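Please look over the sequence and the model before reading on.

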Amino acid sequence: MKIAMEIVTTERTYVGALVVLVKKFINPLRSAAKTSKPIIKEDQVKTIFSISDTILGYHQMLLEGLEARMMKWKTEESDMIGDFFLQSSDFLRKYTSYINNYNDSMAVLTECKKKPVFADFLAQLIQAPECRSMDLSSFLIQPIQRIPRYILLLNDLLRHTLSDHSDYPNLQAAIKKVEEIAQYLNNNAKEELNNSKLAQVQKSIDGEVGDLVKQAGIFLREGKVRMKDNKFSFIFLCADLLILTSPAHPKTKRYTLIKKLPLKSSTLRESKDDLRAFTLNVVEQGYSCTLVWDSTVEKDVWIEEFKKTKNFPGL
């Protein structure tokens with residue numbers, strides 16, 4: 001019962017933190033954003049807090065159900081909690097948009113903190129008893145941490161549950177389900193981060209680079225390289241493409257496309273003349289180029305990245 005009670009207690013603490021986030025941060029900022037003197041803009045409020053209030057609504061219902069189960073546990077009507085998690089955990093997939101937005105949230109928050117009026121707003125709130133000296137970032141990270149915490153708590157409860165207990169298979173199924181949701185959210189977040197990086201690369205290049213999100217695959221690495229003619233270039237390596245550009249313009253910081261090279265059926269050959277170099281032969285375009293790095297160590301790092309594309313099994 002102690003571990004089951006810990007699940008309920010931590011849920012109550014989590015819901016309490018979300019209530020503070022909504023009532024003390026989101027609601028005042030939203031209200032101010034609709035006036036002639038906003039603390040921060042409405043779109044900034046949306047980006048920073050994402051779907052925090054929606055998450056709060058779900059967890060208030062989850063907490064209510066858990067507390068009802070604990071009441072039955074105390075009166076010995078029932079000592080099951082795994083079946084409840086099994087039935088109630090589907091909503092955790094809603095965390096997708098919150099997790100995918102988290103990096104943008106932190107970036108906008110950092111930018112907004114430069115505004116004195118917002119910095120003062122946060123400084124006053126950190127002194128509020130409800131905030132317990134926690135800053136806004138400490139509240140915003142809690143949804144990111146919550147699902148892994150469920151997995152730990154449920155596994156702990158399973159270890160202390162007899163294998164012939166009626167809730168044992170429910171706990172096993174609940175753990176598997178929450179782990180699958182956590183993996184889904186993690187994969188989704190990685191994909192979103194990758195797409196964001198590809199979109200950023202695409203916007204930074206002048207020329208017909210195309211839709212990198214659809215064409216490039218996973219982004220792997222970027223960096224400066226010297227061609228065989230001793231001219232410097234800047235390259236972006238993705239799972240399916242190597243994008244060759246001129247170095248960034250010193251003023252505009254933009255790149256100019258030289259060549260977009262599909263890596264499928266391409267070959268890579270290390271140079272015998274220069275241990276810092278290797279030659280890329282793009283069969284599909286009948287194109288070949290030699291890339292020279294500043295050191296053999298750097299070349300080896302890039303070789304490892306090229307291996308990740310799975311287009312060079314011979315490496």
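This is a predicted model: local features need pLDDT of at least 70, side-chain atom pairs count only at pLDDT 80 or more; totals for chains, interfaces and linings use all residues.

Residues are numbered from 1 along each chain as its sequence is written, and side-chain values use heavy atoms, with hydrogens and water left out. Helices (H or I, at least four residues) and strands (E, at least two) are DSSP runs, numbered from the N terminus.

**Helix packing**

- Two packed helices are described by the angle between their axes and the distance between the axes; here axes are lines fitted to C-alpha atoms, for helices over the stretch in contact, and angles run from 0 to 180 degrees between N-to-C directions.
- Helix H1 (residues 2-33) packs with helix H8 (residues 142-159) at an angle of about 170 degrees, and their axes are 10 Å apart.
- H1 and H8 are therefore roughly antiparallel to each other, given that angles under 35 degrees count as roughly parallel, over 145 as roughly antiparallel, 65 to 115 as roughly perpendicular and the rest as oblique.
- The contact (heavy atoms within 4.5 Å) involves residues including Ile3, Ile7, Tyr14 and Leu18 of H1, and Pro143, Tyr150, Leu153 and Leu157 of H8.
- The residues of this contact of H1 with H8 divide into 11 nonpolar, two polar and five charged, where Ala, Val, Leu, Ile, Met, Phe, Trp, Tyr, Cys and Pro count as nonpolar, Asp, Glu, Lys and Arg as charged, and the others, Gly among them, as polar.
- The axes of helix H5 (residues 95-112) and helix H9 (residues 168-204) come within 9 Å and cross at roughly 40 degrees, so H5 and H9 are oblique to each other.
- On the H5 side this contact is made by Tyr95, Thr96, Ile99, Asn100 and Asn103, and on the H9 side by Tyr184, Leu185, Asn188, Ala189, Glu192 and Leu193; by class, the residues are six nonpolar, four polar and one charged.

**One face of helix H2**

- In helix H2 (residues 42-49), Gln44, Val45, Ile48 and Phe49 are buried, where buried means under 20% relative accessible area, exposed over 50% and partly exposed in between (1.4 Å probe, protein chains only).
- These four residues lie on the same side of H2, because they cover an arc of only 110 degrees around the axis, the arc being that of the directions from the helix axis to the C-beta atoms.
- Just after H2, Ser50 takes a positive phi of about 50 degrees.

**Single residues**

- Ser133 lies in the loop between helix H6 (116-126) and H7, is exposed with a relative accessible area of 59%, and has a phi near 65 degrees, a positive value in a residue other than glycine.
- Lys253, in the loop between strand E4 (241-245) and strand E5 (255-262), is likewise exposed, with a relative accessible area of 57%, and its phi is near 60 degrees.
- Ser138 is found in helix H7 (residues 136-140) and counts as partly exposed at 28% relative accessibility; its C-alpha atom is separated by 9.6 Å from that of Ala17, 121 residues apart along the chain.
- Lys197 lies in helix H9, counts as partly exposed at 23% relative accessibility and, leaving aside its neighbours within four places in sequence, is in contact with Phe219 and Glu222.
- Lys197 and Ser133 are 64 residues apart in sequence and 35 Å apart in space, C-alpha to C-alpha.
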